[in-house]
Amino acid sequence: MEAKELFDEALEWLKKNYNKHDFFNERDIEYRLHKYIKDKISEKNLPFQVFNDWPLESGRKYVDLVIRKKDETSDFKVEVAIELKYEPDKKRGGDDLRKGKLEQSTVFWCNKQGQSSVEGDIKRAHDYVWDKKATAAYAIFVDEGCRFYYKHKHDKPDVAKWDEGWKKGMAVLIVKYPLV
């Protein structure tokens, strides 16, 4: 099994099991994916390791999750780089999120520097592969309430796939590199 296949399997698992977990922020989704991948590596005795907050470039933003070969010697080379963003549903009720958290978006679609935004993640995923720092890269945006879906549904249709099959009223943007 290749590292990319392992992550595709993890993403499919998350899709099928999303409603069984409570997510409050990006790191909760990151944790579930990290744990699933780690468990599969162990269970199948795969030659990979999974890490969060991995530096692909000295002094630059860290990658949310990476899958590396166990015998890789370069700190700046990974098999799969994964950038994540998460936007909770603003209609979500209950006592599980502080008042005011859902009134404004927790992520930006874009900003002037392109950092800490969905477009910034997409660009970084592209650059990781283009610069040969990753064999494959993903930018994933879990948009629970479809806050951005209708606004940006047709952005880069040859690259971006909005997957609506996760749960009712939710969309997930998946951008994979290299393009296939």
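At 1% relative accessibility, Asp121 counts as buried, a class defined by under 20% relative accessible area, with exposed set at over 50% and partly exposed in between (1.4 Å probe, protein chains only). The structure is a predicted model, in which local features need pLDDT of at least 70 and side-chain atom pairs count only at pLDDT 80 or more, whereas totals for chains, interfaces and linings use all residues. Residues are numbered from 1 along each chain as its sequence is written, and side-chain values use heavy atoms, with hydrogens and water left out.

Asp121 forms a salt bridge with Lys85, with 3.2 Å between the closest N and O atoms; a salt bridge is defined here as a side-chain nitrogen of Lys or Arg within 4 Å of a carboxyl oxygen of Asp or Glu. This pair links distant parts of the chain, since Asp121 belongs to helix α3 (residues 118–130) and Lys85 to strand β3 (residues 78–87), 36 residues apart. Helices (H or I, at least four residues) and strands (E, at least two) are DSSP runs, numbered from the N terminus. Lys85 is likewise buried, at 8% relative accessibility. Both residues take part in a network of salt bridges that also links Glu83 and Arg124.

Strand β3 is joined to strand β4 by nine bridges, and the two run parallel; strands are taken to pair if DSSP finds at least two bridges between them. Within this pairing, Glu87 stands opposite Asp143 of β4. Strand β4 (residues 134–143) is mostly covered, with nine of its ten residues buried. On pairing with strand β6 (residues 171–177), β4 adopts the antiparallel sense over seven bridges, and Ile140 stands opposite Ile174 in β6.

Side chains of opposite charge can pair when their charged atoms come close. Across the whole structure, a search finds ten salt bridges. Among them is the contact between Lys35 and Asp39, at 3.0 Å from N to O. Both residues lie in helix α2 (residues 26–44), four residues apart, about one turn of the helix. Lys35 is partly exposed, with 37% relative accessibility, and Asp39 is partly exposed at 35%.

A further salt bridge connects Asp8 with Lys4, the closest N and O atoms lying 3.5 Å apart. These two residues are both in helix α1 (residues 3–17), with a spacing of four residues, about one turn of the helix. Asp8 counts as partly exposed at 24% relative accessibility, as does Lys4, whose relative accessible area is 26%.
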